[in-house]
Every structure is written in C-alpha cells, then in structure tokens.
Amino acid sequence: MGRFFINCDDASILSTRAHYNDLNSKERFRHNLHKSHCLKCRDFHKKNARFQRGINKLKWVKLTIEEKDRIRQRLLQAMKK
Ligand SMILES: [Zn+2]
C-alpha cells in the first residue's frame, strides 16, 4: 500500500483496523483522505463504529491478545493482495 489514494476495499480494511486502534499515522491519513471523497466508505466507517461500540457495551465479546493478533495478521494478509 505505497499509494496515496486507496480503493474502497483497502478503506474498509483500514476502517475495521481503525476500530482496533491499529493504524499508523500514514494509514490513518490515507483512510481519512479516502473518506473525504467517498461517501460509501464514510458511511461504512460510521456504521462500523456504531457496531463496535455496541460490541464494547456488551461485555460478552472479549478478545484475547492472541485473537487480536490473529485478526491483525488476517487483515495484513488481505491488504497485501
Ligand atoms: Zn470508498
């Protein structure tokens, strides 16, 4: 992902990772840039946020560090495609 502008697929991955506080400053910048001109992804990110907040409120989903790591690895793999 050396590009400046990302596509919607990448944006959706960044959106999900953002909710795990897993973005570095460059990724956050790209994601914000994409959202600034893509209504669909802005909407997706908002819905995603609401969903994540809902999950956080319900304490029944607790991810272990191992599980978070697995999610991160899977997302990183998806981004390399
Ligand atoms: Zn988009």
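**Exercise 1. What share of the contacts with a separation of 6 or more links residues 24 or more positions apart?**

Solution. Residues 24 or more positions apart account for 62% of the contacts in the protein with a separation of 6 or more; two residues are in contact if their C-beta atoms, placed from the backbone, lie within 7 Å. Before going on, note that this is a predicted model, in which local features need pLDDT of at least 70, side-chain atom pairs count only at pLDDT 80 or more, and totals for chains, interfaces and linings use all residues. Residues are numbered from 1 along each chain as its sequence is written.

**Exercise 2. How many helices and strands are there, and what pattern do they follow?**

Solution. Start with the count: the protein has four helices and zero strands. Helices (H or I, at least four residues) and strands (E, at least two) are DSSP runs, numbered from the N terminus. Next, read along the sequence to find the pattern α-α-α-α.

**Exercise 3. Describe how α1 packs against α2.**

Solution. Two packed helices are described by the angle between their axes and the distance between the axes.

- Step 1: α1 (residues 8-18) and α2 (residues 25-37) have axes 10 Å apart, at an angle of about 120 degrees. Axes are lines fitted to C-alpha atoms, for helices over the stretch in contact, and angles run from 0 to 180 degrees between N-to-C directions.
- Step 2: α1 and α2 are therefore oblique to each other. Angles under 35 degrees count as roughly parallel, over 145 as roughly antiparallel, 65 to 115 as roughly perpendicular and the rest as oblique.
- Step 3: The crossing of α1 and α2 is left-handed, that is, the near helix is turned anticlockwise from the far one by less than a right angle.
- Step 4: On the α1 side, Ala11, Leu14, Ser15 and Ala18 meet Glu27, Arg30, His31 and His34 of α2.
- Step 5: Sorted by class, the residues of this contact of α1 with α2 are three nonpolar, three polar and two charged. Here Ala, Val, Leu, Ile, Met, Phe, Trp, Tyr, Cys and Pro count as nonpolar, Asp, Glu, Lys and Arg as charged, and the others, Gly among them, as polar.

**Exercise 4. Which residues of α1 are buried, and where do they lie?**

Solution. Asp10, Ala11, Leu14 and Ser15 are buried in α1. A residue is buried if 20 or more other C-beta atoms lie within 10 Å of its own, exposed if 12 or fewer, and partly exposed in between, with C-beta atoms placed from the backbone. Seen down the axis of α1, its buried residues fall within an arc of 140 degrees, so they line one face of the helix; the arc is that of the directions from the helix axis to the C-beta atoms. Take Leu14 as a check: Leu14 counts as buried because 24 C-beta neighbours lie inside 10 Å.

**Exercise 5. Is Asn21 buried or exposed?**

Solution. Find Asn21 in the loop between α1 and α2. Asn21 has 6 other C-beta atoms within 10 Å, so Asn21 is exposed.
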